[in-house]
Amino acid sequence: QAWFAEGIAEELLHALAGVEGLQVMARTSSFAFKGTDKTIAQIAGILGVQAVLEGSVRRFGERVRIAAQLVDAGSGYHIWSGSYERRVADIFQLQDEIAKSIVETLKLELGVEKNEALIPVSTSNLEAYNAFIRGRAAFDWANPDVLTDSIEYFEMAVAADPSYADAWGYLAYSLGLMALWQSTEKISLPTIVAYQKALALDPQQSEALSIKGWMKQLLEWDWESAGRLYRQALASRDSPNAMLTYGIFYLPMIDEIPRAISVLREAERLDPLQPGIKSNLAMLHIWSGNPQAAIEKAKEALALSPEHIFAQMALIEAYILSGNCELVLKIVDALPEQLKKEPRIFGRLGVCHALMGEEDKAREIYKHVKETTPYYYANMQAAVLAITLGEVEDALDIMEGEIDKHAWTS
């Protein structure tokens, strides 16, 4: 039942992150040390925090027992510890009780009223809650198979409790991000239905606001409304999800790359062990004309997740920009077979062959990518390869088709 424990930990994380005066690491970085033998001091040093909350969850039947302790990273002493046993049905109140105990123990002037819930009860349906936390634990936008699993869990959650705003918001967010892997035509309607449900229940639901902004961009090219929605999402919650979509999908499209880098650096501060943030920071450095910074950031992402497709894309792109195509060939050759033929990587390999004067190899790759890749998937890379080969009219045709289909390509 590790997912159940992670769900409880994540609810505590969100509650504490919402308290003014506390800075809390985000999910990926906070959970990166589960099952490791690192000490509290080592973990705190890596994350740059002053205290670490750790604990255990044991569930037996309809009862749950939680033990938790807040440890000072410098001294190793316990600042606070508590042990609780409740009915599973009381899990929301129990999470809130633990969060309040921590806040009170830290003796910060936070202005938290005793009767104010740090963890709002967004559902009283345990079946819905269980499905939601499993979906959130599995969530990974950079992996279409895992993202599909998350969508299925979120669909279970809203089926069990149609009034569950956060589940609708995460469902909308996950469906919308499938535009990285599927056609806009396929994902747009279910995404819109899901974010409309979420915002009808909670007008400030962060993931729903972010993905509504994303749909405004893709479907209507309404940059003004999209920007307003992204900013509203950021104001409603200090969320790396909202920062990521704002920083990578929106700001670069309105020629605000330095600002995008600043936003993603803040997201990285909140979640320093999240490879997706680092890989997108790498791509932003490429767009700003700084391939060396991109290489460093892509390598950081790959140290965390060696097969992260967007980190590999960024590293290869940065080496191309640096004029080091021979190294790109070595990198691609060392990749697992399924990544070698990934159109977003294979197309970049073709660019390298073209730049190295190996036109036959480049054209063979171009023909393969153009004939086998769906119109919504990586065709921008096909266009770049076409331009590199001097096929400008082909490149224009590809890009015009992408615009007509409202596709998102990379």
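This is a predicted model: local features need pLDDT of at least 70, side-chain atom pairs count only at pLDDT 80 or more; totals for chains, interfaces and linings use all residues.
His-308 belongs to the loop that runs between helix 14 (291-304) and helix 15, and, when residues up to four places away in sequence are not counted, His-308 touches Trp-141, Ala-142, Pro-275, Gly-276, Ser-279 and Leu-302.

## The nonpolar cores

The largest nonpolar core holds 124 residues, and the members that touch the most others are Ile-91, Leu-177 and Trp-214. Helix 15 (residues 309-321) gives the most to this core, contributing 10 residues. With neighbours within four places in sequence left aside, the contacts of Trp-214 are Gly-176, Leu-177, Ala-179, Tyr-230, Phe-249 and Trp-408.

A second, separate core consists of 10 residues, among them Phe-33, Ile-40, Leu-47 and Val-71. Ile-40 and Leu-47 are also found among the buried residues of helix 3 (residues 40-47), together with Ile-43 and Ala-44. Viewed down the axis of helix 3, the buried residues fall within an arc of 95°, and therefore they line one face of the helix. The elements that cover these buried residues include helix 2 (27-30), strand 1 (51-60) and strand 2 (63-72). Just after helix 3 comes Gly-48, which takes a positive phi of about 75°.

## Aromatic pairs and a charge over a ring

The structure holds 12 aromatic pairs. In one of them, the ring centres of Tyr-230 and Tyr-246 are 5.8 Å apart and the ring planes stand at 45°, so the pair is tilted. This pair links distant parts of the chain, since Tyr-230 is in helix 10 (residues 223-236) and Tyr-246 is in helix 11 (residues 240-250), 16 residues apart. Tyr-230 counts as buried at 0% relative accessibility, and Tyr-246 counts as buried at 3%. Tyr-230 also forms a tilted aromatic pair with Tyr-250, at 5.3 Å centre to centre and with 45° between the planes. Because Tyr-230 lies in helix 10 and Tyr-250 in helix 11, this pair ties together parts that are 20 residues apart in sequence. Tyr-250 is buried, as is Tyr-230.

Elsewhere, one aromatic cluster is formed by Phe-132, Phe-154, Tyr-164 and Tyr-170. Arg-344 lies over the face of Trp-181, at 4.9 Å from the ring centre.

## Phe-139 and its surroundings

Phe-139 is placed in the loop between helix 5 (126-138) and helix 6 (144-160), and at 17% relative accessibility this residue counts as buried, because the limit for that class is under 20%. Apart from neighbours within four places in sequence, Phe-139 is in contact with Leu-147, Ser-150, Tyr-173, Ser-174, Leu-177 and Asn-241; of these, Leu-177 is one of the residues that touch the most other members of the largest nonpolar core. Phe-139 and Lys-405 are 266 residues apart along the chain, and their C-alpha atoms are separated by 27 Å.

## Positive phi outside glycine

Asp-255 is not a glycine, yet this residue has a positive phi of about 60°. Asp-255 lies in the loop between helix 11 and helix 12 (257-270), where this residue is exposed, with a relative accessible area of 64%.

His-406 is another residue other than glycine with a positive phi, here near 55°. The position of His-406 is in the segment after helix 21 (392-404), and at 22% relative accessibility His-406 counts as partly exposed.

## Cysteines

The structure holds 0 disulfides. Cys-325 is buried, with a relative accessible area of 7%, and Cys-352 likewise counts as buried, at 0% relative accessibility.

Terms used
Residues are numbered from 1 along each chain as its sequence is written. Side-chain values use heavy atoms; hydrogens and water are left out. A disulfide is a pair of cysteine sulfur atoms within 2.5 Å. Buried means under 20% relative accessible area, exposed over 50%, partly exposed in between (1.4 Å probe, protein chains only). Rings of Phe, Tyr and Trp (its six-membered ring) pair if their centres lie within 6.5 Å; planes under 30 degrees apart count as stacked, over 60 as edge-to-face and the rest as tilted. Helices (H or I, at least four residues) and strands (E, at least two) are DSSP runs, numbered from the N terminus. A charge sits over a ring if NZ of Lys or CZ of Arg is within 6 Å of the ring centre and within 35 degrees of the ring normal. A nonpolar core is a set of buried Ala, Val, Leu, Ile, Met, Phe, Trp, Tyr and Cys residues joined through side-chain atoms within 4.5 Å. Contact means heavy atoms within 4.5 Å. The arc is that of the directions from the helix axis to the C-beta atoms.
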